[in-house]
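Please look over the sequence and the structure shown below, and then read the briefing that follows.

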Amino acid sequence: GKASSAAGLTASVIKDAETGEFCIEAGALMLADNGICCIDEFDKMDIRDQVAIHEAMEQQTISISKAGIQATLNARTSILAAANPAAGRYDRSKGLRYNVALPPAILSRFDLIHVMIDEPDDAFDYNLAHHIVKVHQKKSEALTPVYTNQQLQRYIKYARTIKPKLTAEASQALKQAYVRLRSNDVQSGQSFAYRMTVRQLESMIRLSEALARVHCEFDISPIHVHEAERLLKTSIISVEAHDVELDRAPMPESLHDFIQHGHRVIRERLEETAAAREDGAGANEGQEQAAEDGAGDGGEASLKNVPVPTSVSYTKFREVTDLVVTYLDSEEKRQAPGQEFTGAKQADVMRWYMDEVSKTGKFSSLEEMAQEYMLLQRVMEYLIHNEQTLIVMQQAQPDAEGNTDITQRTVALNPNYVVE
């Protein structure tokens with residue numbers, strides 16, 4: 001972290017107290033020649049100190065030109081660095097470069113980059129706690145390794161002496177793997193790849209050599225190349241965000257009032273679309289078709305026939321959540337100074353959301369509009385009962401027949417929720 005400096009990592013020139021001559025004092029990378037240098041809190045280092053290790057990571061050397069001394073020193077070391085997310089926790093909806101405060105020049109020099117997320121898992125958490133408690137209780141007796149330290153040291157010492165050679169088959173496999181990685185890296189609407197460069201090709205070569213050493217083989221085979229390609233792909237791709245299980249949120253007690261409110265909201269969107277078309281506002285073809293489809297049935301979208309979504313992709317979940325949070329946050333900021341925010345009607349939130357989504361021209365049919373409305377309801381229930389992002393300020397009152405329209409309850413953001 002902050003305790004690391006450029007001179008401490010590479011090398012420095014100091015004056016000998018006895019002879020008065022200048023000499024080179026080795027830094028961490030020089031001392032770790034033919035070994036591993038571990039750097040913790042890498043993101044806390046000053047940017048000028050991070051730049052100092054560029055040459056060591058690229059050329060495996062350190063150049064010194066100070067006090068009349070010019071030298072190039074070996075720094076043939078592997079660097080294992082650990083960094084924390086910029087916001088304290090990893091945001092799955094964003095890429096690596098938005099989560100880690102490290103310049104691209106540094107990130108591109110690492111062969112492998114892995115994101116480690118601490119997710120709650122009952123079985124794993126119990127086993128981990130059991131192991132830690134057992135180690136504290138029985139010390140070294142708690143560990144029963146398959147191999148002794150002496151055996152591991154002999155294995156590593158022998159494996160490092162192997163200098164594997166690249167075979168013709170492995171060379172061809174490397175070329176094909178690089179072409180595949182480059183083609184898969186091209187973004188939609190673009191004709192260039194920005195993550196897969198020649199550095200990644202060199203990374204595959206180094207990984208293939210390392211895999212051959214691990215297996216104590218003197219030739220690099222296509223199997224090693226394919227495994228190196230897999231490691232590189234899994235280290236660079238974005239973190240997989242699992243679907244959000246919406247069936248964990250409760251269903252409304254009275255679906256009748258909820259469906260009636262959905263019909264009203266969708267009918268309003270259709271009327272607005274039709275009015276915009278008559279005024280020449282330029283509604284797109286999808287919205288015009290939706291209005292035509294709704295004209296025959298009075299806009300009564302068949303919410304009853306729309307399947308209740310049981311899960312949604314994490315990206316879509318974040319998209320809906322961000323819009324709901326944006327509306328409630330703006331409503332709270334509109335309050336006069338000193339006036340307490342008592343929340344907003346869920347019906348107003350859902351109506352505003354449908355307005356915003358309709359502006360994008362996303363809906364091409366009544367069915368899509370009804371599906372979006374049903375999804376919005378399920379996400380809001382999940383935010384209330386599972387994530388506690390929203391809180392219910394006031395429950396809806398039942399009507400004369402005892403039915404409760406959940407869209408009439410008042411909701412607000414949880415005071416502990418941090419709006420990004």
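E41 counts as partly exposed because its relative accessibility is 29%, which falls between the limit of under 20% for buried and over 50% for exposed. This residue belongs to a predicted model, and E41 sits in the loop that runs between β3 and α3 (47-51). The phi angle of E41 is near 50 degrees, a positive value in a residue other than glycine.

- Q60 also has a positive phi, near 60 degrees, although Q60 is a residue other than glycine.
- The loop that holds Q60 lies between α4 (54-59) and β4 (61-66), and Q60 is partly exposed, with a relative accessible area of 28%.
- G35 is placed in the loop between α2 (28-31) and β3 (36-39), and with a relative accessibility of 26% G35 counts as partly exposed.
- Although G35 and R76 are 41 residues apart along the chain, their C-alpha atoms are separated by 7.5 Å.
- When residues up to four places away in sequence are not counted, G35 touches R76, T77, S78 and R160.

**The protein as a whole**

- The protein has 16 helices and 13 strands, and of its 420 residues, 35% count as buried.
- Among the contacts in the protein with a separation of 6 or more, 69% are accounted for by residues 24 or more positions apart.

**A buried charged residue in a helix**

- E229 is found in helix α11, which covers residues 222-236.
- Is E229 buried or exposed? With a relative accessibility of 8%, E229 counts as buried, because buried means under 20% relative accessible area.
- Leaving aside neighbours within four places in sequence, E229 is in contact with A177, R180, L181 and M204.

Two packed helices are described by the angle between their axes and the distance between the axes.

- Helix α14 (residues 314-333) and helix α15 (residues 346-359) have axes that come within 10 Å and cross at roughly 120 degrees, and that makes α14 oblique to α15.
- The crossing in which α14 passes α15 is right-handed.
- On the α14 side of this pair, K316, V320, L323, V324, Y327 and L328 meet D348, V349, W352, Y353 and V357 of α15, and by class the contact has 9 nonpolar, no polar and 2 charged residues.
- The axes of α15 and α16 come within 11 Å and cross at roughly 135 degrees, and α15 and α16 are therefore oblique to each other.
- The crossing of α15 and α16 is right-handed, and the contact joins Q346, V349, M350, Y353, M354 and V357 of α15 to M369, E372, Y373, L376, Q377 and M380 of α16.
- Sorted by class, the residues of the contact of α15 with α16 are 9 nonpolar, 2 polar and 1 charged.
- For α14 and α16, the axes come within 10 Å and cross at roughly 80 degrees, and these two helices are therefore roughly perpendicular to each other, since angles from 65 to 115 degrees count in that way.
- In this pair, K316, F317, V320, T321 and V324 of α14 meet E372, L375, L376, V379, M380, Y382 and L383 of α16, and the residues of the contact divide into 9 nonpolar, 1 polar and 2 charged.

**The nonpolar cores**

In soluble globular proteins, nonpolar side chains tend to be buried together.

- The largest nonpolar core has 28 residues, and of these V324, L328, V349, M380 and L390 touch the most other members.
- Which elements give two or more residues to this core? They are α14, α15, α16 (366-385) and β13 (410-413), and α16 gives the most, with 9 residues.
- Another core lies apart from this one and has 24 residues, among them M30, I39, A56 and A75.
- L328, not counting residues up to four places away in sequence, touches F341, A344, V349, L390, V411, A412 and L413.

How values were computed:
Residues are numbered from 1 along each chain as its sequence is written. This is a predicted model: local features need pLDDT of at least 70, side-chain atom pairs count only at pLDDT 80 or more; totals for chains, interfaces and linings use all residues. Side-chain values use heavy atoms; hydrogens and water are left out. Axes are lines fitted to C-alpha atoms, for helices over the stretch in contact, and angles run from 0 to 180 degrees between N-to-C directions. Helices (H or I, at least four residues) and strands (E, at least two) are DSSP runs, numbered from the N terminus. Angles under 35 degrees count as roughly parallel, over 145 as roughly antiparallel, 65 to 115 as roughly perpendicular and the rest as oblique. A crossing is left-handed if the near helix is turned anticlockwise from the far one by less than a right angle, and right-handed if clockwise. Contact means heavy atoms within 4.5 Å. Ala, Val, Leu, Ile, Met, Phe, Trp, Tyr, Cys and Pro count as nonpolar, Asp, Glu, Lys and Arg as charged, and the others, Gly among them, as polar. A nonpolar core is a set of buried Ala, Val, Leu, Ile, Met, Phe, Trp, Tyr and Cys residues joined through side-chain atoms within 4.5 Å. Buried means under 20% relative accessible area, exposed over 50%, partly exposed in between (1.4 Å probe, protein chains only).
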